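Visitor: Could you take me through some features of this model, one question at a time?

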Amino acid sequence: MNYWKILVLILLVPFLMQCTPAGKPTAGDPYDHRVDSVMATMTLEEKIGQMTLFTSDWDVTGPTLRENYKEDIKAGRTGAIFNAHTAAYNRELQRIAVEESRAKIPLLFGYDVIHGYKTIFPIPLGEAASWDLAAIELAASVAAAEAAASGLHWTFAPMVDIARDPRWGRVMEGSGEDPYLGSLVGRARVRGFQGEGFENGDKVLACVKHFAAYGAAAGGRDYNTVDMSDRLLRDIYLPPYKAAVEEGAYTVMTSFNELDGVPATANRYLLTDILREEWGFKGFVVTDYTSINEMVFHGNVADDKEAGEQSINAGVDMDMQGAVFYNHLKKSIEEGKVSEAQVDQAVRNILRLKFVLGLFDDPYRFMDIEREKRVVFSKENQDAALDVARKSIVLLRNENQTLPLSKTLRSVAVIGPLADNKVELIGAWSGAGNGNDCISLLQGIQNKTAGSMQVRHAMGCDFEGTDQSGFAAAVNLARQSDAVIVAVGEKAQMSGEAASRSDITLPGVQEELVKALVATGKPVVVVLMNGRPLAIPWIAENAPAVLETWFLGTQAGNAIADVLFGDYNPSGKLPMTFPRNEGQIPIFYNNKNTGRPFDAANKYTSKYLDVPNTPQYPFGWGLSYTSFAYEGIGADKTEFSAQDTVRIRITLSNTGARDGAEVVQLYVRDLVGSVTRPLRELKGFQKVFLAAGAKQELTFKLTANDLAFHTRDMTFRAEPGYFDVFIGGNSDATQSIRIQLAE
Ligand code: NOJ
């Protein structure tokens with residue numbers, strides 16, 4: 001190779017390195033020498049400062065341990081701040097760091113930008129119900145652009161915890177119960193947040209959380225203990241974290257729970273063996289809020305200092321809000337409980353990302369007051385929020401085509417505690433969103449009908465309590481109207497962190513209100529707003545129509561009105577099973593058969609005496625204003641080898657009178673395994689739009705890798721044998737074909 005070629009290659013290396021998947025540098029990382037040069041100037045205290053993350057006194061979600069965080073910035077005792085935002089405020093904090101601290105290392109600013117910064121999109125569980133990965137990616141990219149313009153570098157998202165228990169309030173923040181859907185949604189969010197790079201100051205670092213298995217808290221009670229087999233962990237709970245890391249997520253947050261007796265924050269098996277060694281993660285690991293300190297309560301350490309030692313030695317790089325590294329790490333090093341090399345590695349992991357963000361080149365890159373004004377809550381972002389909100393709505397029931405409502409009705413009654421409400425519609429974890437910016441359902445209906453019909457409102461009852469004094473006025477209004485829309489559900493703060501419920505029915509007397517309205521005989525549409533699957537057996541069996549709208553965010557009212565009046569044909573599908581009652585929990589579609597599967601003719605089979613085994617609505621459920629038919633399932637080969645790809649085909653027809661989209665789902669059952677296998681597992685889906693009367697042949701590809709699992713000896717592989725493949729519009733899909741993986 002001649003001199004010039006070598007020179008070109010040398011110049012290209014840093015560029016090529018920046019193009020490798022995020023968080024995954026290989027040898028010769030372009031930032032190495034720059035990180036080295038900063039490290040060489042740092043004192044031990046400053047290094048520990050880089051490993052310390054403190055909250056500002058804004059949006060605090062736990063104990064505030066440090067009042068004087070500005071002093072800490074100046075003294076180099078904290079390298080990162082969260083819950084501080086807006087370009088102006090963060091510029092000032094950044095100024096202190098880069099002008100007044102000795103080492104002049106720029107701060108990293110983090111925040112929970114979970115489903116939007118100021119323009120609020122549907123809660124993540126709702127977005128997952130769209131099964132529309134492009135829409136989910138778009139929502140994350142809008143959130144990133146608004147956050148980045150407002151001085152933020154880092155979002156504490158995506159949350160990818162698999163959740164099989166709707167009592168757990170944090171199901172609203174994830175993608176539900178399925179590892180396949182959860183993995184794809186997690187990847188889409190990482191792409192949306194991080195994009196291709198940070199040059200334009202419109203992307204933020206993602207943080208995959210909560211590692212690991214936080215969603216399996218016993219009894220659905222937040223922060224509770226988790227215990228499970230390694231097989232369940234690896235087959236069901238870990239795949240979405242792994243997928244997000246593979247997609248290049250730069251940071252990972254530990255979870256509050258213990259796993260097999262070891263809190264996740266001190267769990268070397270999770271943080272080092274799996275995350276770094278098996279998955280090759282190269283970013284940094286941050287704890288959840290004071291989760292180091294909480295180990296004293298878990299009871300695996302005697303005090304904070306020991307907790308800090310266990311966590312850094314397990315693989316934690318940054319302490320969120322606990323001030324444990326800040327208070328004790330130096331002593332731990334002096335005592336030889338933690339090596340300086342371990343500290344250096346953590347600091348390198350953190351500084352590297354400050355270089356990746358470009359903060360050493362321009363510490364204010366993300367704090368652009370002009371761009372903030374232009375981007376945050378822009379018309380374009382509102383349009384995106386409306387699009388995603390409409391896609392997230394699930395039509396649960398529609399007897400006698402109650403929906404869509406005709407635009408020529410003379411009058412509608414809009415009833416319920418959520419009918420004229422704005423503030424709840426942004427849902428929990430709504431960043432810098434302001435509930436008062438939301439379009440209420442009433443407003444949305446008024447916008448839609450624009451004076452062409454009489455739109456009247458009665459609240460009927462509150463969310464909670466036993467007061468039924470508003471029922472009479474609501475029922476009267478219903479009687480005088482052509483149709484009734486009743487918006488019931490939860491308050492935003494009834495889901496999210498520290499918001500578990502043991503009773504997941506509609507709170508208060510809301511169900512009684514619905515019953516009273518249905519008793520009028522008028523067409524009643526129940527609009528549910530909630531952060532989790534609810535138990536609504538009466539409504540599911542008696543209300544003429546039911547729409548699940550989650551908390552749809554800023555554009556909620558407009559999105560729901562579009563669906564109510566047929567301007568948008570709903571296509572959402574449930575990402576989580578809806579139980580009939582709490583006694584069925586945990587209930588999820590990918591369960592196993594047991595040795596005594598239910599048989600109505602045999603008492604000694606697996607069942608309850610008082611409720612069927614089946615859910616109210618299965619995973620994947622969702623109706624449309626049109627109907628779809630599935631026929632002609634086939635395969636290009638029914639016997640295949642480990643190297644083959646099998647193509648499964650099916651014909652989907654839109655058999656109704658309206659255009660519409662269907663989420664076509666493919667499930668697999670492995671008939672015999674070295675360990676027992678789930679009855680169904682989602683292995684593919686396609687969201688397909690078909691004009692009324694149109695037909696389309698769809699093809700799904702399957703390889704042996706799609707059929708792999710952790711076998712009896714814990715190797716991950718597909719076992720030869722028969723597999724039933726099902727395709728349909730929900731997890732009860734009936735079209736099936738049997739294929740065989742040859743020895
Ligand atoms: C605690 C929550 O568990 C976590 O999800 C969040 O990112 C942090 N608090 C910071 O607000």
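The questions below concern a helix, a sheet and the cysteines of this predicted model.

Visitor: Around how wide an arc of the axis do the buried residues of α20 lie?

Guide: Helix α20 spans residues 510-518, and its buried residues are Q510, E511, L513, V514, L517 and V518. In an α-helix with 3.6 residues a turn, residues three or four places apart point the same way.

Visitor: Which strands form the edges of the open sheet of three strands?

Guide: The strands follow the order β5-β6-β9 and pair in parallel, with a twist that averages 25 degrees from one strand to the next. Strand β6 (residues 251-254) is joined to β9 by three bridges, and T251 has F284 as its bridge partner in β9. The strands that pair on one side only, and hence form the edges, are β5 (207-211) and β9 (284-286).

Visitor: What angle does the direction of helix α10 make with that of β5?

Guide: Helix α10 (residues 239-246) packs on the sheet, where it touches both β5 and β6. Its direction and that of β5 make an angle of about 160 degrees.

Visitor: How many disulfides does a search of the whole structure find?

Guide: C438 counts as buried at 2% relative accessibility, and C461 is also buried, at 5%. A disulfide is a covalent bond between the sulfur atoms of two cysteines. Across the whole structure, the number of disulfides found is zero.

Technical notes:
Residues numbered from 1 in each chain as written. Predicted model: local features only at pLDDT ≥ 70, side-chain atom pairs only at ≥ 80, totals over all residues. Heavy atoms only, no water. Buried < 20%, exposed > 50% of the residue type's maximum accessible area, 1.4 Å probe, protein only. Helix = DSSP H or I, 4+ residues; strand = E, 2+ residues; numbered from the N terminus. Disulfide = S-S within 2.5 Å. Pairing = 2+ DSSP bridges. Axes fitted to C-alpha atoms, helices over the stretch in contact; angles between N-to-C directions. Contact = heavy atoms within 4.5 Å.
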